[in-house]
Amino acid sequence: MAVGQKTRTLNEVTNITYNFRTLDDAERLMQRLQVLETDSDKYIRVAVIGAGASGVELACKLANHLQKRGQVYLIDRRRRILRDFSFPCQKAALRALAVSGVEVNLNTHIQIIDGNRITLVCQQQTYTRFIDLLIWTIGTQNWEWLDNLDCQQNTRGQLLTRPTLQLLDYPEVFAVGDIAAVNNCEGKQVPATAQAAFQQAKTTARNLWASLSERPLIAFRYRHFGEMLTLGINTGVVFSFGICIKGPIAFIIRRWIYILRLPTMNHRLQVSRYWLIAFIKRLLLNSLNQ
């Protein structure tokens with residue numbers, strides 16, 4: 001998110017906003033939202049900064065949760081949401097945002113953040129939004145110890161690797177996930193997503209075994225299996241191999257895929273039990289409110 005000269009620095013901004021990167025961030029955000037909701041007459045205004053996957057999913061869920069009690073703004077300096085996603089996912093997300101009542105502000109820069117007021121600039125037009133909650137979903141930051149490593153890195157601070165996922169300077173060390181700059185066979189950098197990290201982990205395990213048994217290492221080959229998003233409460237979109245599924249079915253498919261990715265059967269049973277209990281509680285609450 002571009003910030004003007006009059007705006008506070010990123011460190012200062014994150015001290016007065018709510019980040020959305022860790023479990024602690026999510027719990028802190030939930031607590032703040034509960035405090036705002038204790039005033040039954042208060043109209044809650046929420047600004048979500050960043051229209052990537054986290055920002056879009058969060059904006060939809062907050063809008064579904066608040067309904068007529070508040071307004072959610074989704075703000076991003078880019079010209080479209082979900083820049084790295086396919087067009088069907090972008091289209092489904094835009095529709096879900098519109099149905100949920102989220103006000104989408106694209107090609108928009110934050111100029112000033114001052115208490116419960118933000119000043120925005122869009123196409124040289126300046127306007128102000130009063131907000132009760134500002135959520136920052138953009139910008140990933142590597143661990144500080146990475147900067148102290150004597151390794152080659154790109155401009156984003158990611159470690160440069162060989163096709164086998166070994167570090168350029170230290171072939172006995174492998175790097176995967178967000179901290180690694182990994183290119184596919186066409187020379188294009190592999191996206192820093194969960195499915196890429198899962199595939200890298202499998203290749204790394206194979207190459208660790210190969211290095212220990214003095215066998216040849218294999219190059220990493222990324223396979224894009226599709227995209228998944230939640231677009232509100234109990235709805236979502238799944239796009240894979242040219243097929244786009246939307247709505248509650250997509251939401252269920254996404255959840256089951258995440259369950260299957262969990263490492264052990266015990267993990268899968270625990271998460272399934274938790275989701276089933278939460279679903280039953282939601283049904284009971286909805287029936288009592290009707």
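Tutor: Let us take helix H6, whose buried residues are Gln-195, Ala-196, Gln-199, Gln-200, Thr-203, Thr-204, Asn-207 and Ala-210. Buried means under 20% relative accessible area, exposed over 50% and partly exposed in between, with a 1.4 Å probe and protein chains only. Helices (H or I, at least four residues) and strands (E, at least two) are DSSP runs, numbered from the N terminus. An α-helix has 3.6 residues a turn, so residues three or four places apart point the same way. Helix H7 (248-261) is included in what covers the buried residues of H6.

Student: What should I know about the model itself?

Tutor: This is a predicted model, in which local features need pLDDT of at least 70 and side-chain atom pairs count only at pLDDT 80 or more, while totals for chains, interfaces and linings use all residues. Residues are numbered from 1 along each chain as its sequence is written, and side-chain values use heavy atoms, with hydrogens and water left out.

Student: How many residues does H6 have, and what span does H6 reach?

Tutor: The expected span of a helix is 1.5 Å times one less than its number of residues. H6 has 19 residues and reaches 27 Å from its first C-alpha to its last, close to the 27 Å expected. After H6 comes Glu-214, with a positive phi near 55°.

Student: Is Gln-200 buried or exposed, and what does its side chain reach?

Tutor: Gln-200 has a relative accessible area of 3%, so it counts as buried. Its side chain reaches the backbone nitrogen of Gly-177 at 2.7 Å. Contact means heavy atoms within 4.5 Å. Beyond its neighbours within four places in sequence, Gln-200 is in contact with residues including Leu-165, Val-182 and Phe-220.

Student: Which residues does Glu-57 touch?

Tutor: Glu-57 is found in helix H3 and, at 15% relative accessibility, counts as buried. Not counting residues up to four places away in sequence, Glu-57 touches Met-228, Leu-229, Thr-230 and Arg-254. A polar atom of the Glu-57 side chain lies 2.8 Å from the backbone nitrogen of Thr-230.

Student: How is a nonpolar core read, and which residues touch the most other members of the largest one?

Tutor: A nonpolar core is a set of buried Ala, Val, Leu, Ile, Met, Phe, Trp, Tyr and Cys residues joined through side-chain atoms within 4.5 Å. The largest core holds 31 residues, of which Val-46, Val-72 and Leu-231 touch the most other members. Among the elements that give two or more residues to this core are helix H2 (23-37), helix H3 (53-66) and strand S3 (70-75). H3 gives the most, with 7 residues. A second, separate core of 13 residues includes Leu-167, Phe-174, Ala-175 and Phe-220.

Student: What is the strand order of the open sheet?

Tutor: Strands of a sheet pair through backbone hydrogen bonds, either parallel or antiparallel. Here, two strands pair if DSSP finds at least two bridges between them. The open sheet of 3 strands has the order S5-S6-S7, with antiparallel pairing. Its edge strands are S5 (108-114) and S7 (125-130), each of which pairs on one side only. Strand S6 (residues 117-122) and S7 pair over 6 bridges, and Thr-119 has Thr-128 in S7 as its bridge partner.

Student: Where does Asn-234 lie?

Tutor: Asn-234 lies in the loop between strand S11 (227-230) and strand S12 (236-240). At 28% relative accessibility, Asn-234 counts as partly exposed.

Terms used
A polar contact is a pair of N or O atoms within 3.5 Å; within protein, one must be able to donate a hydrogen and the other to accept it, and residues adjacent in sequence count only if both atoms are side-chain atoms.
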